[in-house]
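Keep the sequence and the 3D view open while reading.

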Amino acid sequence: MNRHEDAAEAARMVALAMARRKAPARSGDYARLVQRFDTEPDFAQVVRKVAQGFDLTVLEVHPMTGLVLGTTPETDFGVSVSDLVPQTADRPLYLLAQLTIAAMVFPRPEDLDDDEHVGRISVKQVDEEVRVLASTIERRLAQSDGDDDPPSDQPELEGLWRAYLRRNATGKTQTDRAPRASTRALVKKAFAHLESHGFLRKVSDEDAGTYVTNVKYRLQIRDQAARDMLEELAALGVAALPTDGAPDHDQPSPGDPPSPTENTPVTDLFS
């Protein structure tokens, strides 16, 4: 192929990576392009340059997921919490749900490098875990003599755990659905977002929805989001998970953590 054909093929590969639910196993054309990327360094470089033109980065090329792209701060393809959650008061809680999902399905660092690792998690588990953490943090503050109120000039910086505990977990509406403001509904929204972009797969309706992870979610968390997520969890007072996968609710937590901003990025949305 000449360089113009290579450029067209590289653009095609980036387009397939950005399309939802495209995978080499379901597309002979995509599988062929993955093979070219793996065996032709010059073609791989063209693909990287095409992605760079969209302010994207190539995180990895995997035989199951194909080309895995990440965003840069300049790209128009990133998605922020404000894009996904119109209600300002809901955004920090939604982000907390996203961070907790990632921490619970990848409890050990080695899980991020294990192609065989499949995390299984439910809406109910995540909601209950955040509530336990929130209650633990609030109890510590109640036992301390420090001033745990938000600054008088920044009343919006109330403790994130208080905001979570103040919401009903479920509740019912006249249509027998959980109200949109409930924490369970926010967690469900986080799961639905990840599922719609190929990161998770729903396997049952048990516990308000049970999901398993796909390879693509692991690659995104490992290669781009893991460090940022851990920093966000620390800022929110959420304890890191120890190697046995059980949450450590007795670790020391920081003081009143800041609420995440509405522009905090969530995991990238390519499938």
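## Basis of the model

This is a predicted model: local features need pLDDT of at least 70, side-chain atom pairs count only at pLDDT 80 or more, and totals for chains, interfaces and linings use all residues. Residues are numbered from 1 along each chain as its sequence is written, and side-chain values use heavy atoms, with hydrogens and water left out.

## Overall fold

The protein chain has nine helices and five strands. Both kinds of element are DSSP runs, numbered from the N terminus: helices are H or I with at least four residues, strands are E with at least two. Along the sequence the pattern reads α-α-α-β-β-α-α-β-α-α-α-β-β-α.

Of the 271 residues in the protein chain, 45% are buried. Buried means under 20% relative accessible area, exposed means over 50%, and partly exposed lies in between (1.4 Å probe, protein chains only). Contact means heavy atoms within 4.5 Å. Among contacts in the protein chain with a separation of 6 or more, 64% join residues 24 or more positions apart.

## Helices α1 and α2

Helix α1 covers residues 3-18 and helix α2 covers residues 28-39. They pack at an angle of about 115°, and their axes are 10 Å apart. Axes are lines fitted to C-alpha atoms, for helices over the stretch in contact; angles run from 0 to 180 degrees between N-to-C directions. The crossing of α1 and α2 is left-handed. That term applies if the near helix is turned anticlockwise from the far one by less than a right angle; clockwise is right-handed.

On the α1 side, the contact uses Asp6, Glu9, Arg12, Met13, Leu16 and Ala17. On the α2 side, it uses Asp29, Tyr30, Arg32, Leu33, Val34, Arg36 and Phe37. By class, the contact of α1 with α2 has seven nonpolar, no polar and six charged residues. Ala, Val, Leu, Ile, Met, Phe, Trp, Tyr, Cys and Pro count as nonpolar; Asp, Glu, Lys and Arg count as charged; the others, Gly among them, count as polar.

## The β1-β2 hairpin

β1 and β2 form a hairpin with three residues between them. The two strands pair in the antiparallel sense over six bridges. Strands pair if DSSP finds at least two bridges between them. Thr57 has Gly70 of β2 as its bridge partner. Six of the six residues of β2 (residues 66-71) are buried, so the strand is largely enclosed by the rest of the structure.

Val61 sits in strand β1. Val61 is buried, with a relative accessible area of 14%. Leaving out residues up to four places away in sequence, Val61 touches Met13, Val34, Phe37, Asp38, Gly66 and Leu67. Val61 and Gln35 are 26 residues apart in sequence and 9.6 Å apart in space, C-alpha to C-alpha.

β4 and β5 pair over four bridges. Lys202 stands opposite Tyr211 in β5.

The 14 residues of α8 (residues 183-196) should span 20 Å at 1.5 Å a residue, and the end C-alpha atoms are 20 Å apart, which agrees. The expected span is 1.5 Å times one less than the number of residues. Buried residues of α8 include Leu186, Val187, Phe191 and Leu194.

## Helix α5

Helix α5 (residues 91-105) is mostly covered: 14 of its 15 residues are buried. From first C-alpha to last, α5 reaches 22 Å, close to the 21 Å expected.

## Positive phi positions

Most residues other than glycine have a negative phi. Asp55 has a positive phi of about 60° although it is not a glycine. Asp55 lies in the loop between α3 (41-53) and β1 (56-62). Asp55 is partly exposed, with a relative accessible area of 31%.

Ala208 also has a positive phi, near 70°. Ala208 is in the loop between β4 (200-204) and β5 (210-213), and is partly exposed at 23% relative accessible area.
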